[in-house]
Amino acid sequence: MNESVRDSAWKLLDASVVRLDGGPVGTVAARDTIVQEVNYDQVFTRDFAVSAYAYLLAGKPEIVASFLLQMVRLQQTERQFDCFQPGEGLMPASFKVVAGEKGEQVVADFGEQAIARVPPVDSGLWWLMILHAYVNSTDDAALARRDEVQRAIRGVLDLCLTARFDMFPTMLVPDGSFMIDRRMGVYGYPIDVQALFYSALTAAEALLADVEENAHYIDAVRKRRGHLAYHIRTYYWLDLDQVNRIYRYGVEEYGERAVNKFNIYPETIPHWLMDWLPETGGYFAGNLGPGRMDYRYFAQGNLLAVASGLASDAQSVAFMQLLRARRDDLVGDVPLKLAYPALDGSDWVALTGMDPKNRAWSYHNGGNWPVLLWLLAAACARTGDADLIESALESAESRLVRDEWAEYYDGRSGRLVGRQARRHQTWTIAGYLVARQLAQDPACLGRLGFGGEATVSACTG
């Protein structure tokens, strides 16, 4: 481990802390002194999750507890019929501490200020995962058992499990409602959100107090989690055997005996996939819905599926084999590729609306995001692939320091700092710190709320 890089990263992470009434309550998204802030000066739920993991592994839980309770206070608790008001149970995408006439105030953004005005689907899911990690790391179950926290858990579950028009175990979401917060053709049932959903259900099952008021929720969470795991493992998984089955699918089937349950047309199998998929590797498709399979690879969903146990043991092994076989495509010079392959030509026009920020091999559309190092480390900790994360960290370390902890990288191999990337991006810094800790001591994975062999007591962090 490069101690000087780690020490520098910790100084930058501590400098990103936001305070409310003198106490730490979160970290800003970035501290770039050159590029306009826009909303990078806010505390984002999904971004802070990575900071929270870094602080918990370092034995500094105070900021995490403060963040968790602040989110409870910001969560919407009233049922709404007004389309311009956040729905009951929704947690904000971000918040900002501002100075007012009556002192410091917290101003939350539920999507009404966001680009394209899309509310966050993932904020409540990340909050549950952070709370789970906090309890696992500190043994402070009392915080999770507080009445207001239990109500907040139920509020998130009501939002996720109750109101729906579909009859799948997966969660239906619009474009732009999670980490990929711009139009990218990921509407429907993207793997990234389903893996988050599974992890959040795992967290909720562990966090809900065993009282009568929670009995229905506990039962619903257990059932949904099992149905979701079966659905993802069975229908999203792509390896050569599965692609061969899809290639020979019949279509327009009806009734319970239908094999092609989603009416996927074999002609939709892209030409690039047939030669790219290795003999022994596999991954979860980017999206699946009626008449639609998105064959693109998305890193966050696949890595989280492995780390959380959503992927079966065999699927986890096959996925790590894919990363090794297609390292140049999926890892690149500065790890890791967010999505593969990039949309280009008419696909880019149709699915991104000609978004110049998401041009081919940039930003969400095939750009490289070093924050994903922590998820790669988590997956490697789960599967025992220590050499893979070590080599990824070695290739990233010097570049991250030289490029001032850039937000993302462009190009097929991720060699260019993103055209609109912020410097001193907080989750890039925190992602490196978490990855380094997990690489050094894989048993720490249990402290972050992920199952498997890792345990709290085994971790030396």
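R182 sits in the loop that links helix 6 (147–161) to helix 7 (191–207). Helices here are DSSP runs of H or I with at least four residues, strands are E runs of at least two, and both are numbered from the N terminus. Keep in mind that this is a predicted model, where local features need pLDDT of at least 70, side-chain atom pairs count only at pLDDT 80 or more, and totals for chains, interfaces and linings use all residues. Residues are numbered from 1 along each chain as its sequence is written, and side-chain values use heavy atoms, with hydrogens and water left out.

So is R182 buried or exposed? R182 counts as buried because its relative accessible area is 19%, and buried means under 20%, exposed over 50% and partly exposed in between (1.4 Å probe, protein chains only). Setting aside neighbours within four places in sequence, R182 is in contact with I115, G176, D355, K357, N358, Y363 and H364; contact means heavy atoms within 4.5 Å. With D355, the side chain of R182 also makes a polar contact of 2.7 Å. That term means a pair of N or O atoms within 3.5 Å; within protein, one must be able to donate a hydrogen and the other to accept it, and residues adjacent in sequence count only if both atoms are side-chain atoms.

Now hop to another loop. D140 lies between helix 4 (123–138) and helix 5 (141–145), and D140 counts as partly exposed because its relative accessibility is 23%. Leaving out neighbours within four places in sequence, D140 is in contact with Y134 and V135. The side chains of D140 and Y134 make a polar contact at 2.6 Å. A65 is 75 residues away from D140 in sequence, yet their C-alpha atoms are 9.7 Å apart in space.

Next, some strands. Strand 1 (residues 17–20) and strand 2 (residues 23–27) pair in the antiparallel sense over four bridges; pairing takes at least two bridges found by DSSP. They form a hairpin with two residues between them, and D21 in the turn has a positive phi of about 55°. V17 stands opposite T27 in strand 2.

Last stop: two helices. Among the residues that meet here are L303 and L304 in helix 11, and L375 and L376 in helix 15. The residues of this contact between helix 11 and helix 15 divide into eight nonpolar, three polar and one charged. Ala, Val, Leu, Ile, Met, Phe, Trp, Tyr, Cys and Pro count as nonpolar, Asp, Glu, Lys and Arg as charged, and the others, Gly among them, as polar.
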